[in-house]
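Please read the points below alongside the sequence and the coordinates.

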Amino acid sequence: MKRLVLVGGGHAHLSVLRALARDKPADVEVVLVTPNTHQNYSGMLPGYMAGHYTQTQCQIDLQPLTQAARVCMVLDSIVGMDANRRCVGLPDGRHIEYDLLSLDVGSEIDSSWLEMAGARLLPVKPLDDFFRTWPAILESAAERSGYRLIVVGGGAAGVELALAARHAFNCAKSDGCVDLVVSESGLLTGHAPGVQRRAASSLDHAGIPVHRLRAVGAEEGVMLSDGSLLPADCVIAATGARAPCWLQLSRLLLDEKGYIAVDKYHRSLSHPNVFAVGDVCARQDMVMARSGVHAVHAGPVLARNLFAALTDGQLGAYRPKSRSLYLLACGPQYAIASWGRFSAEGKWVWRWKDYIDQSFIQRFSKESRSSESIAAKEVV
């Protein structure tokens, strides 16, 4: 009996669970280690903040999938691993050994220079914490006059969260203000100039000041590189990513930034019985942007490769598309489309994004219900 351990219930592992529910290889024990029974979908977080979705609408229930695939779910996070000993470690000191391991745990928010903000600081990750905390922030903004929220980060997440917060404040009749700090690099670096102009226009129309300066945390909020202080009741960190710290002692080969070095099959270059997808890894054969788009698209390939590794079959490469589509929510039911040099905006883009996001949730929810029904019939 071989043991496959899946760490994380992220986008790619949803595809693995679905594949296991349909056709689980013989003589294989599967264990899923994940902090929660429900997976929050990051693509719908701005819509949740803006009030367009409930949290339930942004979640996928992992239990029906794991039950249908006869996967043992361990509700915990891992705090370390030893790739040479082939085991992962849990917070209580227990170890789970594996024959084959797949990691889909994402990255961490690097907010180290904002930590002086103390209790005011709210990193966008872990997503579970953010989803749980946001209603309290919105309630405080509605009850307290002059509430001030600062979002730090000039990428897609920073822009979307700032616009979502502004819209939520407006709907709650709050007089609170929202500021966006993007550093000297500006808005949405890596996107086309047209996308940057559209985002800047949306921020200006929403009345969100954009500070193109570096920021560090301060007891009262954030201090900008020109010496000015921005007081804040809450500082949302949507800053750059960093690899999980526990990888440093994992004995896996890492790249210069601490991410797991993987090949075109998303297999570890040092330990062929370890696979990794999403933000926790770095392809060494090509440059690939860190994006949830790749985690979603790589999921079916990962599932096939894990099955192949268990049965000595042929591995297949994940070949990302040369351009990825980004649909950026702008607070109200309005969005900006970014695809290479092409950009567009409007309510129709929001409807397009809403359709894609809800279809993603419903696809796995429908699969869960179907798999659960099949499993029940088998038991009967």
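This is a predicted model: local features need pLDDT of at least 70, side-chain atom pairs count only at pLDDT 80 or more; totals for chains, interfaces and linings use all residues.

1. The axes of α5 and helix α6 (residues 193-206) cross at roughly 25° and come within 10 Å of each other. The two helices are therefore roughly parallel to each other, and the crossing in which α5 passes α6 is left-handed. On the α5 side the contact is made by V159, L163 and R166, and on the α6 side by A199, S202, L203 and A206. Sorted by class, this contact of α5 with α6 has 5 nonpolar, 1 polar and 1 charged residues.

2. Helix α5 (residues 156-171) also packs with helix α4 (residues 127-143), at an angle of about 45° and with the axes 10 Å apart. That angle makes α4 oblique to α5, and the crossing of this pair is right-handed. The residues in contact are F130, W134, L138 and A141 from α4, together with L161, A165, A168 and F169 from α5. What classes of residue make up the contact of α4 with α5? There are 8 nonpolar residues, with no polar and no charged ones.

3. Turning to the sheets, strands β6, β7 and β8 form an open sheet of 3 strands in the order β6-β7-β8, and their pairing is antiparallel. The edges are held by β6 (80-82) and β8 (95-97), each of which has a single partner strand, so one side of each is left without a neighbour in the sheet. From one strand to the next the twist averages 20°. Strand β6 is joined to strand β7 (residues 87-89) by 3 bridges, the two running antiparallel, and M81 has V88 as its bridge partner in β7.

4. A further open sheet, with 3 strands in the order β15-β16-β17, is likewise paired in the antiparallel sense. Its edge strands are β15 (215-218) and β17 (229-231), each of which pairs on one side only, and here the twist averages 30° from one strand to the next. Strand β16 (residues 221-224) pairs with β17 over 3 bridges in the antiparallel sense, and the bridge partner of G221 in β17 is P231.

5. Two backbone details deserve a look, given that most residues other than glycine have a negative phi and most peptide bonds are trans. The peptide bond from K125 to P126 is cis, with omega near 5°, and P126 is found in the loop between β11 (121-123) and α4. K173, a residue other than glycine, has a positive phi, near 60°; K173 is found in the loop between α5 and β13 (177-181).

6. As for annotation, an unreviewed UniProt entry lists residues 3-286 under "domain: FAD/NAD(P)-binding".

Conventions: Residues are numbered from 1 along each chain as its sequence is written. Side-chain values use heavy atoms; hydrogens and water are left out. UniProt positions are given in the numbering used here, feature names are shortened, and annotations may be inferred rather than shown by experiment. Axes are lines fitted to C-alpha atoms, for helices over the stretch in contact, and angles run from 0 to 180 degrees between N-to-C directions. Helices (H or I, at least four residues) and strands (E, at least two) are DSSP runs, numbered from the N terminus. Angles under 35 degrees count as roughly parallel, over 145 as roughly antiparallel, 65 to 115 as roughly perpendicular and the rest as oblique. A crossing is left-handed if the near helix is turned anticlockwise from the far one by less than a right angle, and right-handed if clockwise. Contact means heavy atoms within 4.5 Å. Ala, Val, Leu, Ile, Met, Phe, Trp, Tyr, Cys and Pro count as nonpolar, Asp, Glu, Lys and Arg as charged, and the others, Gly among them, as polar. Two strands pair if DSSP finds at least two bridges between them.
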